[in-house]
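How do helices pack against each other here? Look at the model below with that question in mind.

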Amino acid sequence: ISNKISALLEEKPDDQHLIKQITLLNRADITTIDSFCLKIVKENFSSLDIDSSFSIGDSGMMELMKSDVIDALFEKKYKEAVAIKKEVSFFDLVDIFCNDKEDTHLKDEILKVYNVASSYPMPHKWLINAKEALQVKEEADVLMLPWLSRVCEIIKNKAGAAIGQVKIAREVCMLSGGPDKNIEIADDDERQFNNILEADSYEALQNALDIKFARLKVCKGDAYNEEYVEEFKTLRNAYKNIAKELANFKVSAQDIVEQLQHMSKYLIPLIELVEEFSCEFMKMKKARRLMEFADIEHMAYELVCKGYDENNQAIPTAIGESIAERYDEICIDEYQDSNYLQEDILTAVSGISKGIYNMFMVGDVKQSIYKFRMARPDLFIKKYDRFSEDGNEVKIELKNNFRSRKMVLDTANFFFYQLIGK
């Protein structure tokens, strides 16, 4: 940016707008989210329970520390399991999650849950909520679980993708020489998938998953193009495979209750191990005055966010409000790779709490590649669905692509439609 503005200034040295921009550029806080959070923490370390001389540990060192902590934790748990009898002992967890030779897989599961929890604003609360979600007693409890609505959304997205393929199959039927005898069959297939989209309760959704496909009518002879007939069959087999996938979701609420009650006997102790590991790992990091960037983000969150309003939007602390006054605009690139923790930090230091909508986000959900770093592309999708062409929350769609040919874009969009229904 600096080079381009400087080049323009050489051509137009008296341009006041360019002079102003080159001056403002030096004041722009262009940084990664990690560096931004580190700056907040270093400016306000006195408000935190940390040594001001802390440093960021490299990934190799952190992995070694995690290994030391989890090994010590397992040694402790083995001794406790011998001395203290429980309904589900530590030995039971090892048997469930591991093979006969080593306990590595259980350690991996603990670290996996720890990493997921760390991507949320309040990991401890997330783990508590996870335990509560496993403690269901009746069907009504299941229907209130947040993840069940997400499952229903996944089912409907898959049904929507199937409908897209049915429509293409019907178009093939209608071509000159197409298998037009099967148009009514395609219509019935679409009707059954539409029943899934229109289901307004979990019970109705479960009933709609019971899809029955009629047998195709034979289309042979000179009146039919064999290539079109085979293309229709291929498309139908593709959406029939989606129906097979959907059949795996056919589980009654009562069955879910029974499954959760069984799993909770092992998953709740697993989560408790994660909580204990997290506590011991933090003790070691503080003792060695080493932190991870994830820790820095949580500290920054603690400094700038004091809670949530009725819309579940981050409410800034006095520090958050002070930081927000520094910025006229907050521009976030690669927004599809943000997570909930980063979202709340940036919201708390924006002007949104005062009705100033000064966050500008750029992204493409189809380019979200950081699942291993707990990216949450659903943040992008929710805003994409909610924002409109006017008002305080405006959506600007950049639909033109100058890098790829149409056939490349059509192919990519086709596959993504099967995955996310859009």
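Two helix pairs are described in turn.

This is a predicted model. Begin with helix α9, residues 146-173, and helix α10, residues 183-198. Their axes come within 9 Å and cross at roughly 165°. Angles over 145 degrees count as roughly antiparallel, so α9 is roughly antiparallel to α10. The crossing of α9 past α10 is left-handed.

Now turn to the side that α9 brings to this contact. Ile 155, Lys 156, Ala 159, Gly 160, Ala 162, Ile 163, Val 166, Lys 167, Arg 170 and Cys 173 take part. From α10 come Ile 183, Ala 186, Asp 187, Asp 189, Glu 190, Phe 193, Asn 194, Ile 196 and Leu 197. Sorted by class, the contact of α9 with α10 holds 11 nonpolar, two polar and six charged residues.

The second pair is helix α6, residues 104-118, with helix α7, residues 123-134. Here the axes come within 8 Å. They cross at roughly 120°. The range for roughly perpendicular is 65 to 115 degrees, and roughly antiparallel needs over 145. The angle therefore makes α6 oblique to α7. α6 passes α7 in a right-handed crossing.

Which residues make the contact between α6 and α7? α6 supplies Val 113, Val 116, Ala 117 and Ser 118. α7 supplies Pro 123, Trp 126 and Leu 127. Six residues of the contact of α6 with α7 are nonpolar, one is polar and none is charged.

Note on methods:
Residues numbered from 1 in each chain as written. Predicted model: local features only at pLDDT ≥ 70, side-chain atom pairs only at ≥ 80, totals over all residues. Heavy atoms only, no water. Axes fitted to C-alpha atoms, helices over the stretch in contact; angles between N-to-C directions. Helix = DSSP H or I, 4+ residues; strand = E, 2+ residues; numbered from the N terminus. Parallel < 35°, antiparallel > 145°, perpendicular 65-115°, else oblique. Left-handed = near helix turned anticlockwise from the far one by under 90°. Contact = heavy atoms within 4.5 Å. Nonpolar A, V, L, I, M, F, W, Y, C, P; charged D, E, K, R; others polar.
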